[in-house]
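Biologist: Before we discuss any terms, could you put the model on the screen, so that each name can be set against what it is supposed to mean?

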Amino acid sequence: MMNNVESRKSYPSSSKAPSVGAGDPLVDVLRLLRTQEVVPARVHAAAPWAVRFDPHTHVKLGVVLDGECWMSLDGCEPVLLRQGDFFLLNDPPSYTLAGTPDPAPDQAVGFRESASDGEVRLGSEADEDTYVCCIDFVFEEANASVLFDVLPPVVLVRAGDPRGALLGNLSALTVAEMESAGVGRTLVLEHLARLILVHMLRVHAEGTERPVGWLGALVQDGIGAALRAMHADVGRRWTLDELAAVGHMSRSAFAAAFKARVGTAPLTYLIEWRMSLARDALRSDTRSISELAAATGYESESAFSAAFRRVVGTSPRYFRDEARAAETAPRPGAR
């Protein structure tokens with residue numbers, strides 16, 4: 001990781017326009033995702049048991065609070081989960097949680113059909129030996145790939161992981177909120193779930209098997225420092241030499257290492273990230289296109305529009321008009 005002096009460095013922007021990003025890559029991505037819904041689910045079970053979950057197009061978090069169970073994703077080998085283990089599923093297919101690795105096909109009950117207020121009980125309550133809690137994240141679809149493309153199908157944080165203690169504390173608060181009927185429950189659950197998600201991503205990024213793309217690159221000294229600098233000042237007119245200097249590398253070594261780790265050239269990554277922020281701002285922001293051009297590091301609206309068209313395929317004005325028209329269009333079935 002970069003040293004304390006480097007982490008406090010600022011990079012004066014060539015633009016006076018307000019920033020369109022948060023400055024922290026992980027915060028930027030989670031803001032772009034725009035959480036639409038957080039859906040809790042609880043499974044109380046006594047052997048023998050099995051419950052089947054439908055596919056979920058975004059992210060699911062889970063923790064085994066008591067006992068142990070087997071998780072079987074369609075097409076994958078079963079994984080044993082013990083008390084205190086956390087899991088993150090990225091765009092999971094249909095999957096089963098069960099008391100054995102190979103439950104009978106007709107044994108699994110569908111979660112949605114059996115759940116009451118997000119909770120299902122399997123078997124006698126007096127004999128309950130397993131308790132699993134899950135949270136489904138539903139994000140805005142437009143930018144979902146920014147996160148999903150850098151995650152494997154399954155991320156596990158075992159109970160023995162030294163970084164798991166904080167997750168355990170967060171899960172205790174989350175489960176208490178799931179089981180309550182307090183005022184503001186939905187808001188509290190969303191914030192706690194986002195905290196767990198951030199810590200799961202941190203643990204995954206710092207693991208021995210580094211993830212691909214920007215997430216794994218964040219924890220590398222040279223490349224991570226350059227990534228953080230880009231996000232901290234997206235409006236600066238960065239050059240390859242400046243980014244290499246931030247990473248304390250030669251220009252050629254930095255360019256090669258960045259592309260190998262992140263999957264794209266440094267300045268291409270910067271342009272694509274600027275356009276991701278621009279698309280989001282055009283959907284929801286009130287600033288003009290010329291203001292947005294300045295905030296993303298372009299000298300003129302025409303230069304920004306040309307870059308936007310190359311990346312997105314349409315002009316910023318057309319994109320904004322289409323996005324806002326879609327927002328105001330009546331939804332199917334609405335009165």
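**Charges, rings and a pocket**

Modeller: This is a predicted model, and in it the charged end of arginine 274 sits over the ring of tyrosine 298, at 5.4 Å from the ring centre.

Biologist: Why is the pair of phenylalanine 308 and phenylalanine 319 called edge-to-face?

Modeller: By the rule used, nine aromatic pairs are counted. In this one the centres are 5.6 Å apart and the planes make an angle of 70°; because rings pair within 6.5 Å and planes over 60 degrees apart count as edge-to-face, both conditions hold. The pair joins helix α13, which holds phenylalanine 308, to helix α14, which holds phenylalanine 319, and both of these residues are buried. Together with Tyr298 and Phe304 they form one aromatic cluster.

Biologist: Which helix gives the most to the lining of the second largest pocket?

Modeller: That is α11, with five residues. The pocket holds about 350 Å³ of space, and among the 15 residues lining it, Val146, Trp214, Tyr269, Glu272 and Ser276 are the closest to its centre. The lining is made up of eight nonpolar, four polar and three charged residues.

Note on methods
Residues numbered from 1 in each chain as written. Predicted model: local features only at pLDDT ≥ 70, side-chain atom pairs only at ≥ 80, totals over all residues. Heavy atoms only, no water. Phe/Tyr/Trp six-rings, centres within 6.5 Å; stacked < 30°, edge-to-face > 60°. Helix = DSSP H or I, 4+ residues; strand = E, 2+ residues; numbered from the N terminus. Buried < 20%, exposed > 50% of the residue type's maximum accessible area, 1.4 Å probe, protein only. Lys NZ or Arg CZ within 6 Å of the ring centre and 35° of its normal. 1 Å grid on protein atoms, 1.4 Å probe; cavity = no way out; pocket = protein on both sides within 12 Å on 5 of 7 lines; lining within 4 Å. Points joined across faces, edges and corners; volume = space filled by probe spheres on them. Nonpolar A, V, L, I, M, F, W, Y, C, P; charged D, E, K, R; others polar.
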